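I opened the notebook to look up aromatic rings today. Here is what I wrote down as I went.

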There are 4 protein chains.
Amino acid sequence: MALLKRHIRHHSLEEAEKRNDIGFGTLVTDVPTRLINRDGSFNVKRLSETFWGKLNLYNRLITISWQKFFLLVISYFFITNLIFALAYELIGIEYLHGIELTNEWTKFYDAYFFSAQTLTTVGYGRIAPHGFIASTVASIESLLGLLTFALATGLLYARFSRPEARILYSKNALIAPYLDITGLMFRIVNERQNQLIDVTVELVFTILEQTPEGKKVRKYYGLPLERNKVQFFPMNWTIVHPIIEESPVFGMTREDMLKGEAELFVLIKATEDTFNQSVHSRMSYHAKEMVWGAKYESMIWEKNGMITMDLSKLSDIREVPLTSEYIPDDKYEESEKQAD
Amino acid sequence: MALLKRHIRHHSLEEAEKRNDIGFGTLVTDVPTRLINRDGSFNVKRLSETFWGKLNLYNRLITISWQKFFLLVISYFFITNLIFALAYELIGIEYLHGIELTNEWTKFYDAYFFSAQTLTTVGYGRIAPHGFIASTVASIESLLGLLTFALATGLLYARFSRPEARILYSKNALIAPYLDITGLMFRIVNERQNQLIDVTVELVFTILEQTPEGKKVRKYYGLPLERNKVQFFPMNWTIVHPIIEESPVFGMTREDMLKGEAELFVLIKATEDTFNQSVHSRMSYHAKEMVWGAKYESMIWEKNGMITMDLSKLSDIREVPLTSEYIPDDKYEESEKQAD
Amino acid sequence: MALLKRHIRHHSLEEAEKRNDIGFGTLVTDVPTRLINRDGSFNVKRLSETFWGKLNLYNRLITISWQKFFLLVISYFFITNLIFALAYELIGIEYLHGIELTNEWTKFYDAYFFSAQTLTTVGYGRIAPHGFIASTVASIESLLGLLTFALATGLLYARFSRPEARILYSKNALIAPYLDITGLMFRIVNERQNQLIDVTVELVFTILEQTPEGKKVRKYYGLPLERNKVQFFPMNWTIVHPIIEESPVFGMTREDMLKGEAELFVLIKATEDTFNQSVHSRMSYHAKEMVWGAKYESMIWEKNGMITMDLSKLSDIREVPLTSEYIPDDKYEESEKQAD
Amino acid sequence: MALLKRHIRHHSLEEAEKRNDIGFGTLVTDVPTRLINRDGSFNVKRLSETFWGKLNLYNRLITISWQKFFLLVISYFFITNLIFALAYELIGIEYLHGIELTNEWTKFYDAYFFSAQTLTTVGYGRIAPHGFIASTVASIESLLGLLTFALATGLLYARFSRPEARILYSKNALIAPYLDITGLMFRIVNERQNQLIDVTVELVFTILEQTPEGKKVRKYYGLPLERNKVQFFPMNWTIVHPIIEESPVFGMTREDMLKGEAELFVLIKATEDTFNQSVHSRMSYHAKEMVWGAKYESMIWEKNGMITMDLSKLSDIREVPLTSEYIPDDKYEESEKQAD
């Protein structure tokens with residue numbers, strides 16, 4: 001009896017251990033929404049974060065676009081100068097010797113430019129602070145200038161040297177003929193000219209499944225690949241999951257996938273050549289982004305004994321009929337049984 | 001006979017090899033104190049360190065809080081300027097042309113501000129050094145300014161880019177029902193918005209045990225987990241050690257743990273997403289921080305088809321009765337025997 | 001019948017899985033050209049890249065030679081100053097107080113030097129901007145100066161700290177006697193004085209082969225090595241592929257290799273000692289660069305109890321007869337059969 | 001016959017593969033000198049290096065002591081200013097307006113300080129360049145100043161952030177009683193307060209051995225350890241190679257080791273806690289630095305419930321008799337046979 005109990009216990013333990021380790025708990029299994037966005041970010045909203053956690057300053061300064069970054073730098077420069085100009089006005093413009101006293105406007109903009117000359121430490125000296133308070137403010141401003149600049153140096157370096165796999169993914173994943181069977185495939189290419197080496201790919205397929213009790217439960221399946229690693233990646237690479245009978249995708253139609261909110265997670269890891277840093281890239285194809293019965297057009301050809309690759313052809317596809325083997329109507333149940 | 005000796009020898013050798021590799025020697029096994037603090041630091045005092053080893057300058061400048069760091073920067077700026085101002089006074093204020101000679105106070109603060117203008121290399125030039133000695137000191141100060149600033153740039157970058165897993169741990173570890181048995185568990189969440197990938201957890205349980213001779217010896221046990229790795233960590237994660245009969249925790253009461261100064265070491269390793277750096281986090285739950293018969297409240301729910309997580313609920317627990325299986329009163333000795 | 005089909009299917013799947021993972025698809029197998037250049041770059045031309053992808057700014061600034069880098073910095077400095085000088089001319093030279101008004105030439109070069117003093121933030125102040133527009137341009141220039149300089153700091157650091165294995169390869173790969181058989185070998189040495197540790201080598205041999213149908217197909221073979229890893233690399237290292245019967249090179253003549261456009265890819269990985277970074281190096285010997293029947297001269301000797309190594313002897317070879325075992329004329333077919 | 005030949009061939013191949021991978025070739029096996037110095041550097045002299053390879057600028061600037069580094073910075077500052085001062089003298093001191101024209105000496109040092117103000121970009125402007133040539137030289141100097149400073153920033157950061165395991169080694173390695181046998185041991189401690197985690201140790205023992213033909217050949221043996229990895233390293237660690245019969249050290253006397261120029265290489269790898277960088281440390285104990293029959297004094301004790309460690313006791317030893325088991329006089333040959 002005790003032995004039996006232990007058996008049951010260990011069995012449910014093993015079951016728990018088998019649950020896929022993608023990092024989404026069982027709780028969210030019935031959320032009828034996309035879990036991972038196309039850019040690889042997760043569809044999770046966080047509440048009760050601390051102020052700094054929410055601001056997430058460093059990460060944002062590193063990951064925003066270059067346009068936004070420079071806009072921010074210029075805004076910071078402009079606003080800081082404005083604040084200090086107002087401070088000098090408040091202290092009394094007469095403490096800035098050399099300032100043009102023609103009218104209020106020239107006074108203000110000369111205070112502003114004095115501030116700019118202090119913040120950048122260019123300090124021409126045509127205008128220079130006199131007296132304790134103005135000099136104190138000016139010394140604080142120059143220190144602030146130096147620290148800001150130190151920060152900007154670090155940020156620029158961090159932005160440039162950040163390890164990033166800029167991989168271009170084909171717009172659609174395809175269910176296409178592959179050898180004499182069918183495959184689930186998508187195509188990638190390195191956007192950059194630097195080399196990626198030891199590129200490995202992992203695929204996880206997730207779909208809402210009906211339990212015998214009628215409950216919908218999200219299941220996760222790792223998909224084995226024809227090849228999950230290449231040593232070099234100088235050209236395009238079509239990543240293929242062969243849909244054999246054991247595949248969880250075997251026999252699925254476009255409607256099945258749409259109904260089950262199916263998603264195909266892609267996780268790519270590689271080593272970037274220039275700095276020998278490990279990089280990665282995440283993507284997700286939703287069922288809506290999968291195409292049945294199409295093949296990628298070739299994007300490589302030979303020209304004057306030179307291998308030539310056209311990146312604009314990455315998502316080019318053409319229709320092809322799917323092999324009848326893929327969904328053997330009369331043998332569906334049979335193959336199902338064998339797959340168990 | 002020689003063979004026998006060799007046997008004994010090799011047996012004690014194997015015993016030595018089995019000792020747990022946590023890095024605390026056998027010597028400290030009877031210290032009735034916490035070995036690792038809640039923040040992951042070790043409870044070890046070091047004597048006879050060298051001056052620089054003790055000062056540990058770089059590590060401290062990197063790991064102190066931002067408040068302390070900026071206080072230090074400002075103090076450095078203030079004190080350095082003070083020292084150089086005194087130096088210029090000593091050399092003779094008349095060698096700083098342009099200085100306000102109204103009285104001793106204006107002389108001093110103008111020397112001070114000249115120093116500040118030199119240290120930051122803003123150099124307005126309203127006040128400028130004349131003569132060999134004043135010019136020499138000023139040139140040394142400007143070099144010092146540049147070097148300090150170079151250092152500050154590096155420190156700021158190092159502070160920002162330092163790989164750190166900011167993991168929030170639940171206040172308490174729980175002994176709670178888990179499937180149809182009992183589990184030792186705690187809950188974690190990523191404090192930051194950046195993603196952690198390939199998160200792995202290791203647990204070591206340590207307790208003072210009574211040897212047959214009545215000596216207290218500290219023992220270390222690695223605790224197997226329901227799951228010790230997740231690929232992504234977008235939500236909370238409850239880490240569970242299932243308390244099966246083989247577990248060293250099996251049958252232990254709160255009193256046993258307190259008496260034995262039990263501790264649960266947690267070591268988490270992961271890869272941070274933005275810079276693809278490996279990070280880690282260390283923690284320790286003391287017996288006093290473990291709760292018997294409680295479960296974590298859920299901190300995730302669905303709202304408008306969006307997964308929502310409230311970080312403030314991380315340590316929220318509610319009481320639950322422990323399953324009778326955990327300490328089978330009449331079968332305690334029996335299971336003990338089987339566990340050997 | 002269904003079973004048979006599945007058999008065929010799985011067989012062709014296994015075939016596909018066996019294809020070598022060098023990263024060149026089957027498409028380019030008949031390109032009669034060198035695939036990897038001697039410097040390790042790939043012979044692939046990319047079309048339809050985006051502007052930034054093509055420019056590849058950061059990578060280029062990091063990897064160009066120091067001469068080019070400094071030329072670029074100086075050109076940038078010169079051209080930027082020129083542009084701003086013209087801007088000040090446009091605004092009106094009278095807004096730069098202190099400028100020498102002798103003639104147009106002195107006016108221009110003083111505007112130019114004012115620009116230089118602003119860009120480097122040296123700001124003597126002999127010449128200083130007056131009025132709103134000139135001051136605005138000057139403040140923009142000083143901000144630009146700071147940002148450029150921040151960038152230069154990062155670039156200089158990146159260039160210096162870039163992990164790079166500077167490995168010198170012998171000019172030729174040799175087919176030489178090795179022990180009592182024959183080996184395919186080449187010799188390497190660390191160009192730098194820093195230590196490389198845990199050095200591992202991988203060799204891939206590729207050649208165009210005639211299929212029974214007369215089609216030429218490029219095949220890839222990993223070559224096993226006498227030793228593919230050393231813990232330290234303080235001296236030279238001759239890397240040897242022993243040409244046993246199982247080797248794809250067994251029995252090949254210089255003519256065979258030239259006809260098949262044979263190439264020997266070398267991929268070396270190591271850990272650099274000073275910064276503990278992992279580094280790698282790629283190389284390729286074309287059939288034209290292989291020598292039959294030669295041995296490397298020793299480049300190490302003892303002198304006054306000191307191990308001495310002459311780097312200039314790295315590629316020094318002397319002729320030696322090849323062992324008759326290498327191509328056993330009358331036993332060729334026999335060994336071929338055994339190799340299968 | 002062919003089969004036999006192949007057998008011989010493959011046998012010698014296997015022999016070659018068994019050679020230890022420490023990275024010293026067979027050529028240097030009879031050099032009667034220390035191969036690795038106590039600081040972990042190799043005893044190899046390199047000839048015919050290129051100028052830059054010999055200079056090895058970056059590595060040296062990173063690894064020289066802080067005293068030398070700052071001396072170099074100050075020398076650079078002094079000498080560069082001197083050169084530019086001479087240049088301004090050459091151009092004509094009258095082109096530096098504001099210079100003190102009292103005598104040749106004041107002229108020179110004002111030129112010198114003008115140079116310093118330009119190089120550091122402090123640019124007071126009391127002295128300012130006039131005319132094309134002087135202005136050109138000054139603008140070049142300020143650019144040089146910026147670039148030098150950018151470099152200094154990078155170097156300071158690199159020096160600080162360089163991953164380094166500062167491990168203190170006991171002065172001597174000991175042959176001491178260990179459990180009921182004998183062990184070859186040494187003791188290490190972390191010099192710094194930062195934590196090292198996942199510390200692994202590798203030992204290689206090398207000695208000149210007499211071949212049956214009377215030739216001396218250097219042999220390398222990896223020594224298995226009682227424990228070769230600890231997860232944390234908060235205290236001292238005594239690394240022990242148990243000298244069982246299978247050990248190459250078994251039965252060796254101090255005289256044997258001295259005659260054979262025995263060396264014990266130590267390679268330690270770890271992960272540094274603050275930056276999560278992997279670090280390593282190399283050491284070598286020469287036979288002269290090994291002590292027979294001694295034990296380390298404890299360097300850890302408890303005080304007020306606190307674990308206390310005295311770093312100055314690291315190398316403290318006391319004499320102990322060696323167990324008779326170590327060299328069983330009458331059973332030496334017997335154990336030798338068994339060890340084969």
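**Aromatic rings, looked up one by one**

I began with Phe69(B), which counts as buried at 3% relative accessibility (buried is under 20% relative accessible area, exposed over 50%, partly exposed in between, with a 1.4 Å probe and protein chains only). The model is predicted, so I kept to its rules: local features need pLDDT of at least 70, side-chain atom pairs count only at pLDDT 80 or more, and totals for chains, interfaces and linings use all residues. Residues are numbered from 1 along each chain as its sequence is written, chains are lettered from A and ligands numbered from 1 in the order written, and side-chain values use heavy atoms, leaving out hydrogens and water.

Next I checked Trp66(B), which is partly exposed at 31% relative accessibility. Both Trp66(B) and Phe69(B) belong to helix α4 (residues 66–91) of chain B, three residues apart, about one turn of the helix (helices are DSSP runs of H or I, at least four residues, strands runs of E, at least two, numbered from the N terminus).

Then I turned to chain C. The ring centres of Trp105(C) and Tyr109(C) are 5.3 Å apart with planes at 75°, so I noted an edge-to-face pair (rings of Phe, Tyr and Trp, its six-membered ring, pair with centres within 6.5 Å; planes under 30 degrees apart are stacked, over 60 edge-to-face, the rest tilted). Trp105(C) is partly exposed at 48%, whereas Tyr109(C) is buried at 7%.

Last, I found a cluster of ring pairs linking Tyr58(A), Trp66(B), Phe69(B), Phe70(B), Phe160(B) and Phe275(B).
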